[in-house]
Amino acid sequence: MLLQVNDLKVEYHTKTKISYAVKGVSFSMEKGDILGIVGESGSGKSTMGLALMMQLPQTAKFTGSVIFKDRDLVPLTFDELRKIKGCEISTVFQEPMTSLNPLVRVGKQVEEILKIHDKTLTKEVRKDKVLRMFRNVELQNPEEVYRKYPHELSGGMQQRVMIAMALMNHPDLLIADEPTTALDADVQTQILELLKSINERYGTSIILISHDLRVIQKLCRKTLVMYQGLIVEQGDVEQIFEHPEHEYTKSLISALTKGEKESEEYDNEAMLQVRDLTLFYDIKPEKLGQKKTRKYICRDMNFTVHEGEIVGLVGPSGSGKSSISRAILGLHKDYTGEILLKEPNPQMIFQDSASSLNPGRKIGWILEEPLRNLRDEKQLKRVRLVSRVKELLGGEEPPSEGARLSRKERRAIVRDILKHVELPEEFLGRYPDELSGGQKQRVNIALALIAGSRFVIADEPVSALDVTIQGQILELLLNLQRELNLSMLFISHDKAVVDRMCDKVVQLEPLK
Amino acid sequence: MRYIGKKFLTLIIALLLISIVVFLAFSILPADASIAKLGQNATPERIAALRAEMGLDRPVLVQYWSWLTGAVRGDFGTSYQYTGTGVASLVGGRLGTSAVLSLISLVMVVVISIPVGIFGAKRRSVAGRAAMTTLVHITMGVPSFFLGILITYLFSLVLKWFTIGKYVSPAEDLSASISYLVFPAIAISLPKIAMTVKFLVSSIRAELHKDYVRTAYAKGCSRNGVFYGHVLKNSLVPVITFLGIIIAEIVAGSIVVEKVFSVPGIGLLLVTAISNRDYPVVEAVVLLIAVVVIVINFLVDVIYQIIDPRVKL
């Protein structure tokens with residue numbers, strides 16, 4: 001038995017209240033195992049990770065026992081723990097960029113972990129060991145990497161450096177807290193493979209903490225599912241996948257295995273046509289006499305979004321996903337080719353649901369705003385038609401109050417759209433802060449649709465949400481597609497989400 | 001190197017702009033230097049004659065050009081007040097005194113505020129923090145000239161540690177000079193120390209919550225290892241920029257304090273020159289102070305780049 005955790009409880013004490021992050025958790029792991037801990041944010045998985053690393057902030061009180069190699073870590077003092085940390089238990093964190101000291105060359109930072117635990121090693125020996133470990137974690141040109149500062153390395157390389165650092169003293173246990181969350185999909189896979197090979201080669205036991213069941217599935221044989229500070233399920237990953245017992249686990253898995261959408265063929269009118277689109281930006285000359293250089297973001301893109309169709313735009317960061325959406329919105333003007341829109345003013349749904357809503361206004365006011373300023377007669381006609389104002393007002397002719405929508409009409413449209421995004425009417429009187437992330441994203445969707453737009457660009461609309469909420473929002477978007485014949489350009493880095501949502505996928509590759 | 005070259009170019013441009021502003025400021029003043037020299041009752045003929053003699057009747061651009069070319073060669077013309085004395089020698093004779101005074105002040109700021117800041121940042125108790133903040137805010141709020149008066153009263157009149165007015169120039173006896181200048185230096189630096197402490201404390205506190213600190217603890221670093229090996233250097237990066245501003249304020253602060261302690265530096269020279277409308281001297285001193293401030297900021301930028309590898313253009 002390498003690690004045995006008994007009835008671990010963690011409480012955060014602040015001036016005003018005590019909150020319980022982990023409410024009594026017990027589990028054990030054998031030497032050489034890879035154990036997954038999965039859960040959404042707030043489930044206590046990260047707090048537990050910190051507790052296992054003995055890195056809890058001072059406001060946290062914890063009880064129970066963490067028996068590591070027949071020794072309880074909980075009563076140990078800071079200096080006793082120091083000998084274990086970085087030597088017998090090592091950690092890899094989520095953000096490799098900020099986890100490294102920006103002012104120190106990475107080689108030196110990795111060397112430090114040797115220096116702390118074995119003062120007898122000479123400089124040459126230490127450097128030699130670091131270079132060898134760099135090679136083991138498959139870093140190209142270790143000598144060069146050794147001399148680099150963190151910001152000069154890519155995210156994947158930084159994470160390899162972090163892993164090399166964690167392995168320097170050949171720890172018995174490696175705790176990896178969301179090690180791949182901040183990385184691109186293909187780099188994610190590489191890092192996970194690296195962790196697996198480390199486990200096989202050195203027999204290092206690994207605890208992998210993640211919100212992503214697929215990551216857990218790729219690497220672990222056993223897993224714990226945490227929900228609201230408790231372990232709700234534990235055991236074999238495959239078994240949990242096949243026979244989930246707890247409701248939460250079931251929703252986690254069903255969110256994953258919703259499977260692919262049956263793609264339909266659309267040949268009706270096109271909402272968006274992109275022809276031979278090449279995006280670029282010009283870099284201003286830095287020196288006098290230098291010519292301006294042109295940097296290409298993507299070349300010769302061709303795709304069409306038909307009415308009622310959801311088209312996915314997929315690619316790693318830097319492949320131009322967001323630039324294409326900006327070009328469609330008319331915000332990026334440096335392009336050649338054609339972008340044809342059936343309706344003007346396409347609307348967007350962004351990843352960050354909170355910052356798109358004015359925090360000082362109530363939801364009702366926010367939703368009415370686009371309607372309040374409508375003056376253009378053609379647009380007014382369209383809004384009245386699309387949102388079936390006449391029907392909403394019970395057959396009553398819309399009052400023709402000059403060239404604007406009357407208060408009554410606006411209210412009716414807002415109520416109607418709220419129904420579509422499945423929010424209760426009381427929400428009109430609430431401020432954005434009083435809503436959860438998922439509810440705010442529903443408001444954003446309503447906002448995108450309110451002025452009669454039936455084509456929206458959704459830029460990572462669920463990436464910031466928890467898995468269960470993700471599922472609900474995706475379901476809502478699919479419903480809207482059916483009910484309102486909504487067309488959508490769906491931008492995402494997440495292949496599973498795209499498979500579930502989209503009728504057609506446009507794959508982007510970063511230009512060399 | 002490219003970064004430094006770029007910074008150097010902006011330095012030259014800034015200096016040129018300052019010279020223009022300084023020169024224009026004095027040439028648009030209604031009270032002409034000739035009137036200042038001859039008095040309000042002088043006849044127009046005499047004034048015209050003197051203006052011609054001083055070259056004040058030439059177009060402004062021509063005057064500026066001859067002033068600038070002279071300034072580059074170190075020739076700032078002659079003082080109106082001390083007739084026949086070159087401005088350069090007048091300023092040069094006092095430059096050493098002011099330089100020593102500013103240097104002592106700066107050393108005090110660095111040597112005192114860094115340890116105090118570290119000490120302050122490590123205080124965790126509520127009472128300790130409150131005491132620290134109160135002390136810092138009071139010290140920050142007291143103006144240098146008032147501190148100067150308090151210090152002269154306490155150390156010169158009550159304790160008799162030095163005699164006010166009995167200043168020895170550094171050329172004559174450096175240690176005697178320093179032991180006199182320490183007192184005005186305290187008056188100048190005390191508010192600056194408080195500011196730097198406050199800045200450093202908040203910088204350290206911000207750094208302590210960064211992810212790399214967590215990494216350092218996870219490596220098994222000791223508390224001091226984390227603090228001195230990782231946190232301190234990162235916290236000092238913004239402080240370096242801050243010190244650039246502080247140096248400018250020290251130079252500016254010495255003008256008033258030199259008067260209070262009757263230290264014959266360029267600050268005292270400037271105050272006297274202004275009240276006597278001795279424009280060549282005023283121009284030269286203002287330009288000199290501006291140059292010092294800009295050059296120091298240039299040095300700060302260079303040091304900044306050496307310390308922080310991310311600053312590269």
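The centres of domain 1 and domain 2 of chain B lie 33 Å apart, taken over C-alpha atoms. The model is predicted. Domain 1 of chain B covers 2-72, and domain 2 of chain B covers 93-307. Chain A is divided into three parts: domain 1 (3-257), domain 2 (268-346 + 455-512) and domain 3 (359-452). The points below go through the contacts within and between these chains.

**Chain B: domain 1 against domain 2**

- Domain 1 of chain B puts 15 residues in contact with 13 residues of domain 2 of chain B.
- On the domain 1 side, two or more residues each come from helix H1 (2-27) and helix H2 (33-38) of chain B.
- H1(B) gives the most to that side of domain 1, with 11 residues.
- The residues on this side of domain 1 of chain B divide into 13 nonpolar, 1 polar and 1 charged.

**Chain A against chain B**

- Across the chains, 22 residues of chain A are in contact with 17 residues of chain B.
- On the chain A side, helix H2 (78-84), helix H3 (96-99) and helix H4 (106-117) of chain A are the elements that give two or more residues.
- H4(A) gives the most to the side of chain A that touches chain B, with 4 residues.
- The chain A side divides into 9 nonpolar, 8 polar and 5 charged residues.

**Chain A: domain 2 against domain 3**

- The centres of domain 2 and domain 3 of chain A are 26 Å apart, taken over C-alpha atoms.
- Their contact takes 10 residues from domain 2 of chain A and 9 residues from domain 3 of chain A.
- Helix H18 (residues 467-484) of chain A gives the most to the domain 2 side, with 6 residues.
- The domain 2 side of this contact in chain A divides into 8 nonpolar, 1 polar and 1 charged.

**Chain A: helix H13 with helix H17**

- Helix H13 (residues 363-372) and helix H17 (residues 437-450) of chain A pack at an angle of about 20°, and their axes are 9 Å apart.
- Angles under 35 degrees count as roughly parallel, so H13(A) is roughly parallel to H17(A).
- The crossing of H13(A) and H17(A) is right-handed.
- H13(A) brings Ile363(A), Ile366(A), Leu367(A), Pro370(A) and Leu371(A) to the contact.
- H17(A) meets them with Val443(A), Ala446(A), Leu447(A) and Ile450(A).
- The residues of this contact between H13(A) and H17(A) divide into 9 nonpolar, no polar and no charged.

Conventions: Residues are numbered from 1 along each chain as its sequence is written. Chains are lettered from A and ligands numbered from 1 in the order in which they are written. This is a predicted model: local features need pLDDT of at least 70, side-chain atom pairs count only at pLDDT 80 or more; totals for chains, interfaces and linings use all residues. Domain bounds come from an automatic or database domain assignment. Two residues are in contact if their C-beta atoms, placed from the backbone, lie within 7 Å. Ala, Val, Leu, Ile, Met, Phe, Trp, Tyr, Cys and Pro count as nonpolar, Asp, Glu, Lys and Arg as charged, and the others, Gly among them, as polar. Axes are lines fitted to C-alpha atoms, for helices over the stretch in contact, and angles run from 0 to 180 degrees between N-to-C directions. Angles under 35 degrees count as roughly parallel, over 145 as roughly antiparallel, 65 to 115 as roughly perpendicular and the rest as oblique. A crossing is left-handed if the near helix is turned anticlockwise from the far one by less than a right angle, and right-handed if clockwise.
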